[in-house]
Amino acid sequence: MGAAEAEEIAARLYGARGSATRFETEKDDTFLLNCAARGKFVLKIAHPSERMEELDFQVALMRHLEQRAPDLPIPRALRDVDGADLPIVTTSAGERRVVRLITFLPGTPLDRTSATAPQRERIGEILAKLRHSMADFSHPADGRAVAWDVTHLLDLADLLSFIPGGGKRAWTVRALERFAEVKPSLDLCRRQVLHNDFNTSNLVVDHASPQFLTGVIDFGDAVRTAIAVDVSTALMNQMPKTFDHGNRRDLFDEPRDVLRGYLRHADLTDDELRLIPFLSMGRLAVRALLTCWRAEIFPENSRYILRNTEAGWAHLEWFHSISTAQISDLLTR
């Protein structure tokens, strides 16, 4: 969808008149809507294949957080002029698509800047508070299967053919084998609805703010999953973008700061702490499998799809180089 059509939809449904600028996204049409004195908003026009109940789940979760934890830096979902949460439009291409308008949280995505150890601890604190705020939330669609939920990693094994041959494929295969060994333990872990995508592009920060983390965005992968999965995803995404095997001994140096902040506000069992490194490794494998596959299907969007994949190869190689016992002990020693 073009910006002009997005602007017309925003004005008609929400009375929000402004200029639209496209965001890069995986599958929907998302725009920054600048309404001058009225402020900025994010307009999301869902992919035609998105299920209404899953979009309703995301809006309901944001509303729950708004009521349960109003101080958390979460966007607000807005209703249209008729009071609808999820209005449907027929686009100029003849597609029926669901529209959402949410508040814009100013700041810099963390993937474009850096963080100190105390700032990473702050990220962990917010993740823990989010967990507590979601603990009593449920929705008919919260049990949906999300490909990015590492719980389903073994279901992606058929995508191994899309991984480049040689070392990269060997490291990914080994990650799947190790994940298979711990999957029975994962199935016994505590579960609830969780954000499930605490990656650095979904964390908005302001170095001038004492809070540092000024926004947690994109609830598109929220799902009922293991608490350990949610934490492992956050930790994996704090691993260094560049990794020198000769000068670095441990990928979890920075992630441990996030864990330290998290544990100030939320508990993890010893079993969960032993599992989390395997789940972080598994999330790296999920990213490799899904992005290599999707980049081949959608070559026109491959730069965006593969933007984080390259850094992950060195991370998978590092996991491949250490023993299973060493992985298990990474967060418990």
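Reader: Is glutamate 125 buried or exposed?

Author: This is a predicted model, where local features need pLDDT of at least 70, side-chain atom pairs count only at pLDDT 80 or more, and totals for chains, interfaces and linings use all residues. Residues are numbered from 1 along each chain as its sequence is written, and side-chain values use heavy atoms, with hydrogens and water left out. Buried means under 20% relative accessible area, exposed over 50% and partly exposed in between, using a 1.4 Å probe and protein chains only. Glutamate 125 comes out at 14% relative accessibility, so call it buried.

Reader: Which residue does glutamate 125 meet in a salt bridge?

Author: A salt bridge here is a side-chain nitrogen of Lys or Arg within 4 Å of a carboxyl oxygen of Asp or Glu. For glutamate 125 the N to O distance is 2.8 Å, and the partner is arginine 264.

Reader: How far apart in sequence are the parts that this pair ties together?

Author: Helices (H or I, at least four residues) and strands (E, at least two) are DSSP runs, numbered from the N terminus. Glutamate 125 sits in helix 3 (residues 117-134), while arginine 264 is in the loop between helix 6 (255-263) and helix 7. So the parts tied together are separated in sequence by 139 residues.

Reader: Which residue forms a salt bridge with arginine 190, and how many residues apart are the two?

Author: The partner is aspartate 267, with the closest N and O atoms 3.1 Å apart. That pair links distant parts of the chain: arginine 190 is in the loop between helix 4 and strand 8 (191-194), and aspartate 267 is in the loop between helix 6 and helix 7. Arginine 190 is partly exposed at 31%, and aspartate 267 is partly exposed at 40%.

Reader: What separates aspartate 257 and arginine 260 in helix 6?

Author: These two form a salt bridge, with the closest N and O atoms 2.8 Å apart. Aspartate 257 is buried at 8%, whereas arginine 260 is partly exposed at 41%. They are three residues apart in helix 6, which means a separation of about one helical turn.

Reader: How many salt bridges does a search of the whole structure find?

Author: Some of them join into a network, with Arg120, Glu121, Arg122, Glu125, Asp257, Arg260 and Arg264 linked together. The count for the whole structure is 31.

Reader: Where in helix 7 is the kink?

Author: The bend at a residue is the angle between axes fitted to the seven residues ending there and the seven starting there. Helix 7 is mostly covered, with 22 of its 28 residues buried. Its kink is about 35 degrees and comes shortly before proline 277, at isoleucine 276.

Reader: How far apart are the end C-alpha atoms of helix 9?

Author: The expected span of a helix is 1.5 Å times one less than its number of residues. Helix 9 (residues 309-321) has 13 residues, so it should span 18 Å. That agrees with the distance in the model, 19 Å.

Reader: What covers the buried residues of helix 9?

Author: Among those buried residues are Trp313, Leu316, Trp318 and Phe319. Contact means heavy atoms within 4.5 Å. The cover includes helix 4 (167-186), helix 7 (270-297), helix 8 (302-305) and helix 10 (324-328).

Reader: Which residues form one aromatic cluster?

Author: Rings of Phe, Tyr and Trp (its six-membered ring) pair if their centres lie within 6.5 Å; planes under 30 degrees apart count as stacked, over 60 as edge-to-face and the rest as tilted. The structure holds four aromatic pairs, and phenylalanine 252 with tryptophan 318 is a tilted one at 6.5 Å and 50 degrees. Both of those residues are buried. The cluster is Phe252, Trp318 and Phe319.

Reader: Is asparagine 196 buried or exposed?

Author: Asparagine 196 has a positive phi of about 70 degrees although it is not a glycine. Asparagine 196 lies in the loop between strand 8 and strand 9 (203-205). Its relative accessible area is 0%, so it is buried.
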